[in-house]
Structure formats: structure tokens, C-alpha cells
Amino acid sequence: MIKTGQQHIESLRDGRQIFLDGALVGDATSHPAYRGAVASVGRMFDFQSAPENRELMTFETDTGTRANKIWQLPKSYEELKARRAGLVAWTELHAGFLGRAPDHVASCIAGMAMGLEVFEAYDPARAKALVDYYRYARDNDLYLTYVIINPQADRSKSAAQQQDPFLSAGIVDRDAEGITVRGAKMLATGGIMANEVFVTCIQPLQPGDEKYALSFAIPMNTKGLKILSRKSYEAANPSVFDNPLSSRFDENDAVLYFDDVKVPWDRVFIVDSIEMVAKQFHATPAHVYQNYQAQIRLAVKLKFLLGVARRITEVNGTTNFPQVRETLGQLSAEAAMIDAFVTAMEAKGVQRGPYFVPDRHTLYAAQTLSQQLYGKVLNTLRELAGGGMIMLPSSVQDFANPELANLIGKTQQSPAADAEEKVKFYKLAWDAVGSEFASRHAQYEMFYAGAGFVVKGHAFRTYDWDGAKALLDRMLGSYALADEVPPPAARAAE
């Protein structure tokens, strides 16, 4: 099934329990806090279902039907690159500002399916549940979010040692039908617009945490599932002209509370195994495949931000200043580095059984450097713009006042744009760089892959240290002190 935008939007009118500003939200698709983002996701589904995008966006499954390439399990280098082309085209619709668009968690589940033998060694019944769910989500064109982090509380204690034993989602009961889950998980980014949620834990669990060692997927309207929405940036910014990004791409984040939620066994992939909860990400291609998608998205986002940087210099008439060209050159080199990492992940990819997966260490190297890069890029845009992003009309309504519109025309001058074009551009630039929406994105890009020490730890563990040691030892073995200074015995004989 290849959904249209209207079909996806209609699927969200399912009675899910979303709480915002102290009240239950009736219909997220029409609510002023979410409707712009929902419509943006709808446009993504319309794009994938357009006949002219059939080859770009879809592939033929093992059952002969077609599905979005986000669910594809590439069997070759060429298939991996072709999948990336579809992901890039989809991401360009939101310029990378939907960090948890449908392609992210789909990549995670697809990566687990590529490592099915790991699940089979753990429990054949759970492996069957996983592969059946992969096919169900693929064939029904589902949009998935996930919650894989426990609520922040006392970080010095394990999940089981917290004051409330069900602060974090854990198993409170089980029977022949399934498990019952109680507690909270975060961050359901995009959950307002998703069909289902994948629930597990990517943080290390400790002995005694077995009841939190679970992995399952359920619909967002499951009985007992409460969606606690963060503040909506979209609600405060209804004008697209004034806030073109936050009014349309605020994907929202939410804490999910499981109020004794029943999960049937055919939706449970792991239960009670701390070891397997870690293996589902790192012993399968899942962690690599989902974060490979994230780097594709970031490459698109940086390309957009470089477009903003260049336009700033054009609007300000500074493009030909030597120091400005130097700055743009630096930005272009950094953006090219992320592009190169994506290409290198593919070129250095490896065959895993029938599947071709991106290179693990190249991914973690990219994440390590990109965490440091995003804030630097934003700061560079601020330096290029100066006060241009701040001294703007208060809102689009200023243009409706003839006297103010005349003054705007006089005061918002540029060698490359008229007053309306300049204001329009700088409103966009501020929404990308300085607004509350932009601040959330800066935080997101720093931490979506984990804290810096976690990402660097992945880079450390996956580097070819044996090869580096062998190269060093070979060089050290190519000469010796005795080649130039005879040993004491030889000197005595002389």
C-alpha cells in the first residue's frame, strides 16, 4: 500500500489521547498546535504516491506489491544508493527539519529485520513477531515514532533503583495474551503525527532492570497510552510568512505514559533480556541503518543552511568581501564533509548475509563531527547576518497598514531584493537560526544520537585499531638501536 496524504491524515483521527495545556486534544489534524506539521507530513505522502515518483520512492517487495523505499532491505551497493536518492528527495520537502519523519524509525525496524538471525537465536517466537511486524508496517505504509529513553530522574541510579519502580516503563503483569506495561518513556518525536510507536531502551540497563528490558510496537491510540505533548511552537506562530519553518515543521516531542497498557505477544519482540535489548541495535544493522538515514537528513539540512548563508551575503551586499568568501568557503567544505561521509558509508559498506549495509565506523565518525558542527554553522550564520535577522517588522500585519508598508519599503533596503523579499528571507533565516523552534533544533542535533561521550565511544569501539597497531609495529620493526649503536658486548670486543 502506498498512502496518499489524505489517507495518512485520516488515519490519525483515531481517538488517541494527546494532552496539551492541561486539556485533551480532540483532533490533532485540525488543532492549531499541530495542523501545519500534519499537513507537511501529508505532502510527503502525496509526493511518494505521485505516479511520476514511483521508481524514485518505491520498490517491489517480496510479495510483488510496492512499498516506500524507507522499508527496503538493500542487497547491493547500487540498491543502497538508489534508496538514498528516495530519502534525499523526501527530506528536501522539509529541508531536514523533520528529524523523525517516517524514514527514521522505519530504517530502525528494517535494520532489525536484516539481523533477524540475532532475534532467532534469542527466541524464535519473538523473531517471528518482529518479521511479521516489519511486513505489516511496510505493507500498510505506517509512520512510526519511537521512545527509547527513560525519563530523566536520578542518573546515579538504575531504572529499578528509582524511588518509583514504574517511573520508567516496565512490565507489571503478563498472561497468555501478552504483557501489561506501566510507566513512562521519552521522547516521542513526531508521535503526534505517527501511526504507531516502537518502545524499547537504548540506554544500558543494569542487573535488576529485567522488567524494563522490553521491545514492542503498538498503535498510538492503544487504550491506556497517554501522549504528554511539549509546548507547541506552531501554536504560537500561525503565520507562515512570519515563521515559515515553525508554522509547518514543528514535529513536536512528547512523553508517553503507559497506564497499564496491554501489549499482545505478537507485538512483543524482546522481554526480560537486558542482553538482547542492547543486541537489537548493535548486533543487527539497526543502529547503523537508522543513523545512516539521520546523516542523509543532516546533509540535506546543511545544504539548506548554506543556501541561507549565501543569500545573507547577497542581501547584505557582502558576497565579494574576501573575508566573507573565506567564511562561505569554510562552510562549503564542512557541508561537503557530511556529504562525503554519507557517500563513504555506502562505498565502504559490507555484505551481511543477503544484505548490503553502510560502514559502521564511518557513520560514527560522521556523528562525532556533526555534533560539533551544527552549532558552529548556526553561529556562522549569525555572524554573517549581523542585525539583519533582528530588525524586522513585528508581523505580517505590518504590511496591511499602508503607512507602515511604506516605511518598510524605505527601511528594508537591499542591493539584491526589494523590501518584501528581504523581510521574507530574513524571517525564514531567523526561524532557522534564532527562534525557539531553531533553539530546539540546535539541542536536537547535539543529542539525538546520544551524548557526545556515547557517540565518541561508538567511534572508538568500531575503529580499526588492529590495523593501526600493525602499521605502527611494522614501522617500529623496520629499524633498531643496534643498527646504529652496537650492544655493550660488541663494543667490549672492539
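How many salt bridges does a search of the whole structure find? The search finds 32 salt bridges, where a salt bridge is a side-chain nitrogen of Lys or Arg within 4 Å of a carboxyl oxygen of Asp or Glu. Before going further, please note that this is a predicted model, in which local features need pLDDT of at least 70 and side-chain atom pairs count only at pLDDT 80 or more, while totals for chains, interfaces and linings use all residues. Residues are numbered from 1 along each chain as its sequence is written, and side-chain values use heavy atoms, with hydrogens and water left out.

**Charged pairs**

Side chains of opposite charge can pair when their charged atoms come close.

| Pair | N to O distance |
|---|---|
| Arginine 84 and glutamate 346 | 2.5 Å |
| Arginine 230 and aspartate 250 | 2.6 Å |
| Glutamate 251 and arginine 440 | 3.2 Å |

Arginine 84 and glutamate 346 meet in a salt bridge. Arginine 84 lies in helix 4 and glutamate 346 in helix 11 (residues 322–347), so this pair ties together parts that are 262 residues apart in sequence. Helices (H or I, at least four residues) and strands (E, at least two) are DSSP runs, numbered from the N terminus. Glutamate 346 is buried at 0% relative accessibility, whereas arginine 84 is partly exposed at 23%. Here buried means under 20% relative accessible area, exposed over 50%, and partly exposed in between (1.4 Å probe, protein chains only).

The residues of the other two pairs belong, together with Asp253, to a network of salt bridges: Arg230, Asp250, Glu251, Asp253 and Arg440. Among its members, arginine 230 is buried at 17%, aspartate 250 at 2%, glutamate 251 at 1% and arginine 440 at 10%. Glutamate 251 lies in the loop between helix 8 and strand 11 and arginine 440 in helix 15 (residues 436–447), so their bridge joins parts that are 189 residues apart in sequence.

**The nonpolar interior**

In soluble globular proteins, nonpolar side chains tend to be buried together. A nonpolar core is a set of buried Ala, Val, Leu, Ile, Met, Phe, Trp, Tyr and Cys residues joined through side-chain atoms within 4.5 Å. The largest one has 134 residues, and Phe216 and Phe258 have the most contacts inside it. Helix 10 (residues 286–316) supplies the largest share of this core, 13 residues. Leaving aside neighbours within four places in sequence, phenylalanine 216 is in contact (heavy atoms within 4.5 Å) with residues including Ile179, Val197, Phe258 and Arg267.

Which residues of helix 4 are buried? They are Leu80, Arg83, Gly86, Leu87, Ala89, Trp90 and Thr91. Helix 17 (residues 465–476) contains leucine 476, and the count of buried residues among its 12 residues is zero. Leucine 476 itself is partly exposed at 44% relative accessibility.

Most residues other than glycine have a negative phi, and most peptide bonds are trans. Alanine 95 has a positive phi of about 55°; this residue sits in the loop between helix 4 (77–91) and helix 5 (102–114) and is buried at 12%. Aspartate 260 has a positive phi near 55°, lies in strand 11 (residues 254–264) and is partly exposed at 35%. The peptide bond from methionine 186 to leucine 187 is cis, with omega near -10°, and leucine 187 is found in the loop between strand 7 (178–185) and strand 8 (196–199).
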